[in-house]
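The sequence and the structure are shown below.

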Amino acid sequence: MYATRVFATERQEARQTLSRFQEQMRTLLSHEALLHETVHVVGEAFGAQSARLFLRPQGTGGPWLSSAYHPEPPFLTEQVVSMVWPHLQRESHIWAINPELNESTLPDDLSKLLRHRGAALTIPILGDSAPIGVLVMGPKKRRRAVYNLEDMDMLRSISGQ
């Protein structure tokens, strides 16, 4: 019963943190500030060991902008993201190391690459009509803590903004 209350409280706090951040997003005037704040707020709210956010605000031809929360896995470079990006962009689905949460049909070699680099989740960041970036989350800090369906709903909500 105690554990249930602790996890419920953590989820409520995460939801409140993300809600406040979504209200403040309009005040961030540059892509760099938006990336930095987003990856830090999401990393803290979900108790992630680390997270990386890659964004292409100019569409498919522009350079990647990126920001990191903690220098731990996922160790993703622009080159690795560019390899996985065509599949994530085409599908616009969440990839998860947990098969119960995985919505993607990412080829096995690319899934293996993401796992090898320490990714636990990839969430496409949606633009007006198509994905413009990806948020890659490492595992949670707490032992045995995993991402769940409620986390996915909150991450979908913020990725659409």
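Glu103, Asp153 and Arg156 are joined in a network of salt bridges. The model is a predicted one, and three salt bridges are present in the structure. Side chains of opposite charge can pair when their charged atoms come close.

| Arginine 156 | Glutamate 103 | 1.9 Å |

Arginine 156 forms a salt bridge with glutamate 103, with 1.9 Å between the closest N and O atoms. Because arginine 156 belongs to helix α5 and glutamate 103 to the loop between β3 and α4, this pair ties together parts that are 53 residues apart in sequence. Arginine 156 is partly exposed, its relative accessibility being 34%. Glutamate 103 is likewise classed as partly exposed, at 35%.

An α-helix has 3.6 residues a turn, so residues three or four places apart point the same way.

**The pair of lysine 140 and aspartate 151**

Lysine 140 is located in the loop between β5 (131-137) and α5, whereas aspartate 151 is in helix α5, so the pair ties together parts that are 11 residues apart in sequence. Is this pair buried or exposed? Lysine 140 counts as buried at 16% relative accessibility, and aspartate 151 is buried with a relative accessible area of 3%. Helix α5, which holds aspartate 151, comprises residues 149-159. When neighbours within four places in sequence are left aside, the contacts of aspartate 151 are Phe46, Lys140 and Val146.

**Arginine 15 in helix α1**

Helix α1 (residues 2-24) contains arginine 15, a partly exposed residue with a relative accessible area of 39%. Not counting residues up to four places away in sequence, arginine 15 touches Glu150 and Met154. The C-alpha atoms of arginine 15 and glutamate 150 are separated by 9.7 Å, although the two residues are 135 residues apart along the chain.

**The two sides of helix α4**

Which residues of helix α4 (residues 108-116) are buried? They are Leu110, Ser111, Leu113 and Leu114. Seen down the axis of α4, these buried residues fall within an arc of 155°, and they therefore line one face of the helix. The face turned away from the buried side carries the exposed residues Asp108, Asp109, Lys112 and His116. The cover over the buried residues of α4 includes α3 (78-91), β3 (95-96) and β4 (121-126). Just after α4, glycine 118 adopts a positive phi of about 95°.

Terms used:
Residues are numbered from 1 along each chain as its sequence is written. This is a predicted model: local features need pLDDT of at least 70, side-chain atom pairs count only at pLDDT 80 or more; totals for chains, interfaces and linings use all residues. Side-chain values use heavy atoms; hydrogens and water are left out. Helices (H or I, at least four residues) and strands (E, at least two) are DSSP runs, numbered from the N terminus. Contact means heavy atoms within 4.5 Å. Buried means under 20% relative accessible area, exposed over 50%, partly exposed in between (1.4 Å probe, protein chains only). The arc is that of the directions from the helix axis to the C-beta atoms. A salt bridge is a side-chain nitrogen of Lys or Arg within 4 Å of a carboxyl oxygen of Asp or Glu.
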